[in-house]
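Subject: Structure for your review

Dear colleague,

Please find the structure below, together with its sequence.

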Amino acid sequence: MTDSREIFDRLKQDHDRHRALLDKLLETSGDSGERKSLFEELTKELKSHASAEEQALYSTMLRKPPTTDETRHSVAEHHEIEEALNDLAATDMSEGGWLTKFKTFDHDYRHHIDEEEQDHFPDFAKHLTEEDMEHMRSVFERRKKEEKSEAEITPEKKEDAKE
């Protein structure tokens, strides 16, 4: 169809940044300023990336029947990721439970982005037209910037954190 590497390279750049933030967070401890700052940065990055990815890539792929199942799967995982971030934000960072939850989140998120990069993106590339690419180019960066400025760290209260 068309050379779709551009959009997937751009998404992978974000994923690489996310991996680096996850690595840094795993090196923090307790209710430190560094942990809070890195977690806030990660949360805004992930929420804005997921929203922009859904509006640019996944809205396009939903219109292509061969990719509908993979698309729905990834969008559902985005919802789970957001829920986990909200739960982490509602959990006291000074408790050992926060790190346990974060390690589970880290594993799940890395699985998600690996699956996108290794399975979904190559499948999606087979179905993209130049018109699709133009749409994604015009939407992704603009939406990511807008979403990042509006991203909330958590709408939950501490007492709503899952055990």
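Lys-126 and Asp-123 form a salt bridge in this predicted model, and their closest N and O atoms are 3.7 Å apart. Lys-126 counts as exposed because its relative accessibility is 56%, and exposed means over 50%. Asp-123 has a relative accessible area of 27%, so it is partly exposed, the class that lies between under 20% and over 50%. Elsewhere, salt bridges with shared partners link Arg-10, Asp-14, Arg-17, Glu-41, Glu-45, Glu-141 and Lys-144 into one network. The structure holds 22 salt bridges. As background, side chains of opposite charge can pair when their charged atoms come close.

Two further salt bridges may be described here. Asp-31 pairs with Lys-36 in a salt bridge whose closest N and O atoms are 3.4 Å apart. Both partners are partly exposed: Asp-31 has a relative accessibility of 40%, and Lys-36 has one of 44%. The other salt bridge joins Arg-110 to Asp-106, with the closest N and O atoms 2.8 Å apart. These two residues are four residues apart in helix H4, so about one helical turn separates Arg-110 from Asp-106. An α-helix has 3.6 residues a turn, so residues three or four places apart point the same way. Asp-106 has a relative accessible area of 10%, and it is buried because that class means under 20%.

I turn next to the pockets. The largest pocket holds about 240 Å³ of space. Its lining consists of 13 residues, and those nearest its centre are Glu-80, Ala-84, Thr-104, Phe-105 and Asp-108. Which helices each supply at least two residues of this lining? They are helix H3 (68-89) and H4. H4 provides the largest share, with seven residues. By class, the lining of the largest pocket divides into five nonpolar, three polar and five charged residues.

In the second largest pocket there is about 190 Å³ of space. This pocket is lined by 17 residues, of which Leu-46, Ala-50, Glu-54, His-78 and Glu-82 are the closest to its centre. Helix H2 (33-61), H3 and H4 each supply at least two residues of this lining. H2 gives the most to it, with seven residues. The lining of the second largest pocket has six nonpolar, six polar and five charged residues.

- Glu-27 lies in the loop between helix H1 (5-26) and H2. Is this residue buried or exposed? Glu-27 is exposed, because its relative accessible area is 69% and the class means over 50%. Glu-27 and Lys-101 are 74 residues apart in sequence, and their C-alpha atoms are 15 Å apart in space.
- Ile-81 belongs to helix H3. With a relative accessible area of 11%, Ile-81 is buried. Between Ile-81 and His-18 the separation along the chain is 63 residues, and that between their C-alpha atoms is 13 Å.
- Ala-20 is part of helix H1. Its relative accessibility is 37%, so Ala-20 counts as partly exposed. Ala-20 and Ala-50 are 30 residues apart in sequence and 17 Å apart in space, C-alpha to C-alpha. Ala-50 is also among the residues closest to the centre of the second largest pocket.

Yours sincerely

Methods. Residues are numbered from 1 along each chain as its sequence is written. This is a predicted model: local features need pLDDT of at least 70, side-chain atom pairs count only at pLDDT 80 or more; totals for chains, interfaces and linings use all residues. Side-chain values use heavy atoms; hydrogens and water are left out. On a 1 Å grid over the protein atoms alone, a cavity is a set of points where a 1.4 Å probe fits but cannot get out, and a pocket is an open set with protein on both sides within 12 Å along at least five of seven lines; lining residues have an atom within 4 Å of a point. Grid points are joined across faces, edges and corners, and a volume is the space filled by probe spheres set on the points. Ala, Val, Leu, Ile, Met, Phe, Trp, Tyr, Cys and Pro count as nonpolar, Asp, Glu, Lys and Arg as charged, and the others, Gly among them, as polar. A salt bridge is a side-chain nitrogen of Lys or Arg within 4 Å of a carboxyl oxygen of Asp or Glu. Buried means under 20% relative accessible area, exposed over 50%, partly exposed in between (1.4 Å probe, protein chains only).
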